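Me: I am new to this structure and would like a short tour. Could we begin with its overall layout?

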Amino acid sequence: MSILMKDFIFTLPTDIHYGPGSISQLKELMVSHDIRKALVVTDEGIVKAGLMDTLGALLTEAAVSYVVYDHVSPNPRDVEVEAGAAMGKASQADAVIALGGGSPIDCAKAINVLLSLDEEKIKPFEGKGKISKPLKPLFTIPTTSGTGSEVTFSSVINDTQDHYKMTIKSPHMAAKVALVDPQLTLGLPKAVTASTGMDALTHAIEAYTVKVANPISDALALQAVELINDSLETAYRQGDNLEARSAMMLGSLLAGLAFSHSDVGSVHCMAEALGGKLDLPHGLCNAILLPYVMEFSKPDCQDRYARLAQAMNLNFSNDAEGADMAIKRVKELSATVELPPFNHLAVSRSDFDAMAALSAKNISTESNPRPMTKKDYLSVFQKAYDNE
Ligand SMILES: [Fe+2]
């Protein structure tokens, strides 16, 4: 059926405050939402970079008392969610503020579930729609351009018993306000710019091509692809270029909105299996797998890949050629930002079988444009590893 005839609902529970310097709006936001005690969730890198000092000064100005939970790992763990929630409960926090990349923001969303519902364990909330009532207000302040987590309804948390990434998804998890300030990304290290940028590109490409895409997520995804394709290399080479950083921040925001109203697909299913196994940056896992999943999915969405090639400003004469050019461009972009190929990582072929099984079980696998079985996942892992 044509996408124009399909029903959809577009809900956005998050106010977005965007702009260079917009962090300064925090004081008035705290006052207007009547926040007195906050739990700030961040990580040690953000504290070292001095961003926590900036946030702390703004909270003090707003007469908000706060405690800081900064033990969030690059791939946030269930035990960290539980420890952060315990801190929030002890301090009687009436709001949660997430400052950082996708890891602190995802961790903060899961912490807010336990804090608001007075629960101890996050595992029972795994899956879609397990949260039945509103949570305490969450304020998200991204410091990378990739995750889109500031506006999404989901959180991905590492299950430390079974060693896989579980997804918790509910509109109740969405932030009350996303404060999106590209100035906060000016000091991002190159490797983080590269991997988070490729994560954002993967969100946009998957949101545009999965079965549950709708006309609004399409519009958001195409604009995101254009911005990211145009600006990732400049943001990578000239980290202090505010225009490129702003384009990446907007691209990542639009891609986050797109996939939260559509879905991600098999690239994320595989990247989560790989990242859960090896504790690697999420965006790097996506970047490695993206062109190979696109190659696999191409027979079922060639026209859409061609439309993506158009958004990437590529010239072609038919859909088949356009789809191939989009895949080639994705590979080029990963190489430009110097991300390593799959076989340079500490992974061995003997891991592929278990990772393929996990990928097939991921809740987003059914969204992929071309259905993928465990056997298909295994074959794509092997092709990506062999660079075929
Ligand atoms: Fe992602």
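Reply: The C-alpha centres of domain 1 and domain 2 lie 25 Å apart. The assignment gives domain 1 as 15–185 and domain 2 as 190–386, with bounds from an automatic or database domain assignment. This is a predicted model, where local features need pLDDT of at least 70, side-chain atom pairs count only at pLDDT 80 or more, and totals for chains, interfaces and linings use all residues. Residues are numbered from 1 along each chain as its sequence is written.

Me: How many residues does the contact take from each domain?
Reply: The contact takes 27 residues from domain 1 and 28 residues from domain 2; two residues are in contact if their C-beta atoms, placed from the backbone, lie within 7 Å.

Me: Which elements give two or more residues on the domain 1 side?
Reply: They are strand S5 (127–128), S7 and S8; strands (E, at least two residues) and helices (H or I, at least four) are DSSP runs, numbered from the N terminus. S8 gives the most, with 3 residues.

Me: Changing topic, how many residues of H9 are buried?
Reply: In H9, 11 of its 13 residues are buried, meaning that 20 or more other C-beta atoms, placed from the backbone, lie within 10 Å of a residue's own. Met270 and Glu272 are among them.

Me: What covers them?
Reply: The cover includes strand S7 (154–159), strand S8 (164–169) and helix H6 (190–209).

Me: What comes just after H9?
Reply: Asp279 follows, with a positive phi of about 55°.

Definitions and conventions. Buried ≥ 20, exposed ≤ 12 C-beta atoms within 10 Å, placed from the backbone.
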